[in-house]
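Q: Can you walk me through this model? I'd like to go over strands, ligand and voids.

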Amino acid sequence: MKIRVGHLYPDYLNIYADRGNIVVFERRAALRGHGLEVDAVSVGDEVRPGAHDLLYVGGGQDREQALIAPDLAAKGTAIREAVAGGAALLAVCGGYQLLGRGYLDRHGADLPGVGLFPHETVAGERRMIGDVLLECELEPGEQRTLAGFENHAGRTKLDPGAEPLGRVVAGFGNDGESGYEGARVGRAIGTYLHGPLLPRNPWLADWLLAQALAHATRGEPPELAPLPDRLETEAHRVSAQRARARGGRF
Ligand code: GLN
């Protein structure tokens, strides 16, 4: 199969090499015999619901977010429609914030959001920086951990009843106090975990690829053949250990 990926604002939102997550999708798809076709979707470009099996938005500083926020908000209806139609989506940090209802940055600028995730974000005084470990259960009964790194001023408040991505074991998470991190709506995942999120959490890459394949085939998410993942498992272990040792303290 060919998996069609829409990479939103690769030229603006790519902090800590968030682009590396696309490389992981490409490689893990190829090892299962699938190709990835990646379209850049930036300022002035259209999102056509149904045209992509997977949408990806990376992170950025307040400055980059302010530059693209009005354009992204204008794509809101199309993005919500794409996800309602079964497309998978991964949004990281700055992208995660702007896929909610909005972000009030630390200069008082009120950036409009897409309204996909049921949350709002307000910048706080101190940045929440460090290693994070989460417990997730995206499929009932399948418990997994996600290890990563966060660096954000924004405090994200989920609406009551909204589904988080996971429970914080170590680290700050959405707001440093709720005990939750990220958000999930259908096949869309938002998270503060940055940069090498997928290289050290290959199960999440495979979950998203399977959801994207389900969209492409209009069927069920397929079982993907397991890969050895020796380095990935080791990277996850080291990262999880660092989070347990010192995650989530100012
Ligand atoms: N500007 C946002 C914040 O600091 C997002 C930062 C980022 O993507 N690292 O909350």
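Q: Which residue in β8 stands opposite E139?
A: E142 stands opposite E139. Before going on: this is a predicted model, where local features need pLDDT of at least 70, side-chain atom pairs count only at pLDDT 80 or more, and totals for chains, interfaces and linings use all residues. Residues are numbered from 1 along each chain as its sequence is written, and side-chain values use heavy atoms, with hydrogens and water left out.

Q: How many bridges join β7 to β8?
A: 15 bridges, with the strands running antiparallel. Two strands count as paired if DSSP finds at least two bridges between them. Helices (H or I, at least four residues) and strands (E, at least two) are DSSP runs, numbered from the N terminus.

Q: And what sits between β7 and β8?
A: The two strands form a hairpin with 2 residues between them. In that turn, G141 has a positive phi of about 85°.

Q: Which residue stands opposite L133?
A: A170 in β9. Strand β7, residues 119–139, pairs with β9, residues 166–170, in the antiparallel sense over 3 bridges. β9 also pairs antiparallel with β10 (residues 180–181), over 2 bridges, and there G166 stands opposite E181.

Q: What is 2.8 Å from the side chain of Q65?
A: A nitrogen atom of the ligand lies at that distance from an N or O atom in the Q65 side chain. An oxygen atom of the ligand is 2.9 Å from an N or O atom in the side chain of R127. From the backbone, an N or O atom of A153 is 3.0 Å from a ligand oxygen.

Q: How much of the ligand does the protein bury?
A: 99% of the 300 Å² that the ligand exposes when taken alone. The areas come from the Shrake-Rupley method with a 1.4 Å probe.

Q: Voids next. How many cavities of 30 Å³ or more are there?
A: The search of the whole structure finds 1. The largest cavity holds about 120 Å³ of space. A cavity is a set of points, on a 1 Å grid over the protein atoms alone, where a 1.4 Å probe fits but cannot get out; lining residues have an atom within 4 Å of a point. Points are joined across faces, edges and corners, and the volume is the space filled by probe spheres set on them.

Q: Which residues are closest to the centre of the largest cavity?
A: Of the 16 lining residues, G60, Q61, C93, R127 and N151. β8 gives the largest share of that lining, 4 residues.

Q: And the largest pocket, which residues lie nearest its centre?
A: E142, R144, D206, W207 and E223, out of 19 lining residues. A pocket is an open set of points with protein on both sides within 12 Å along at least five of seven lines. About 490 Å³ of space lies in the largest pocket.

Q: Which element gives the largest share of its lining?
A: α5, with 6 residues. β7, β8 (142–158) and α5 (202–217) each supply at least two.

Key. A polar contact is a pair of N or O atoms within 3.5 Å; within protein, one must be able to donate a hydrogen and the other to accept it, and residues adjacent in sequence count only if both atoms are side-chain atoms.
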